[in-house]
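Subject: A structure for you to look at

Dear colleague,

I am passing on the structure below, and after it you will find notes on what turned up in it. Please keep the structure open beside you while you read.

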Amino acid sequence: IAGARPERGADLIRTYGCNSCHAISGLNSRPIVGPSLERLPEQLYIAGKLANTPPNLIHWIQHPEQVRPGTAMPNLYVGDEDARDIAAYLLEQGR
């Protein structure tokens, strides 16, 4: 992902609390609501609706309700830079 710094991803995931709902590689998370993201690079779709591409993942991270109205995933008001870094981290895991 152009301009992304995946090395910031783990810290951002903890800051936004993503790992409290999702299992994420390398973060010792215990999911209680959301699906595991440990094999995200292998998934065909994000949120069951969007093709699994970096721009779509970034859009989902920033605007989950726009993608899937009524989703349990909250809008955490993730900024552009943070969303790129989180997406880059998630997409690099498991490769």
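A salt bridge here is a side-chain nitrogen of Lys or Arg within 4 Å of a carboxyl oxygen of Asp or Glu. By this rule the count comes to six salt bridges, and please bear in mind throughout that they belong to a predicted model.

One of these salt bridges is formed by the side chains of Glu 81 and Arg 5, with 2.4 Å from N to O. Glu 81 belongs to helix H4 and Arg 5 to the segment before helix H1 (9–16), so that this pair, 76 residues apart, links distant parts of the chain. Glu 81 also forms a salt bridge with Arg 8, where the closest N and O atoms are 3.6 Å apart. Because Glu 81 lies in helix H4 and Arg 8 in the segment before H1, this pair ties together parts that are 73 residues apart in sequence.

How accessible are the side chains that take part? Glu 81 has a relative accessible area of 38% and is partly exposed, Arg 5 counts as partly exposed at 35% relative accessibility, and Arg 8 is partly exposed as well, with a relative accessible area of 24%.

Arg 14 is partly exposed, with a relative accessible area of 42%. Salt bridges that share partners, in turn, join Arg 5, Arg 8, Glu 81, Asp 82 and Asp 85 into one network.

The largest pocket holds about 530 Å³ of space, and its lining is made up of 28 residues, of which His 22, Pro 35, Leu 37, Trp 60 and Met 73 lie nearest its centre. The elements that give two or more residues to this lining are strand E1 (45–46), helix H2 (54–62) and helix H4 (80–92), and H2 gives the most, with three residues. Sorted by class, the lining of the largest pocket has 20 nonpolar, seven polar and one charged residues.

With best wishes,
A colleague

Note on methods. Residues are numbered from 1 along each chain as its sequence is written. This is a predicted model: local features need pLDDT of at least 70, side-chain atom pairs count only at pLDDT 80 or more; totals for chains, interfaces and linings use all residues. Side-chain values use heavy atoms; hydrogens and water are left out. On a 1 Å grid over the protein atoms alone, a cavity is a set of points where a 1.4 Å probe fits but cannot get out, and a pocket is an open set with protein on both sides within 12 Å along at least five of seven lines; lining residues have an atom within 4 Å of a point. Grid points are joined across faces, edges and corners, and a volume is the space filled by probe spheres set on the points. Helices (H or I, at least four residues) and strands (E, at least two) are DSSP runs, numbered from the N terminus. Ala, Val, Leu, Ile, Met, Phe, Trp, Tyr, Cys and Pro count as nonpolar, Asp, Glu, Lys and Arg as charged, and the others, Gly among them, as polar. Buried means under 20% relative accessible area, exposed over 50%, partly exposed in between (1.4 Å probe, protein chains only).
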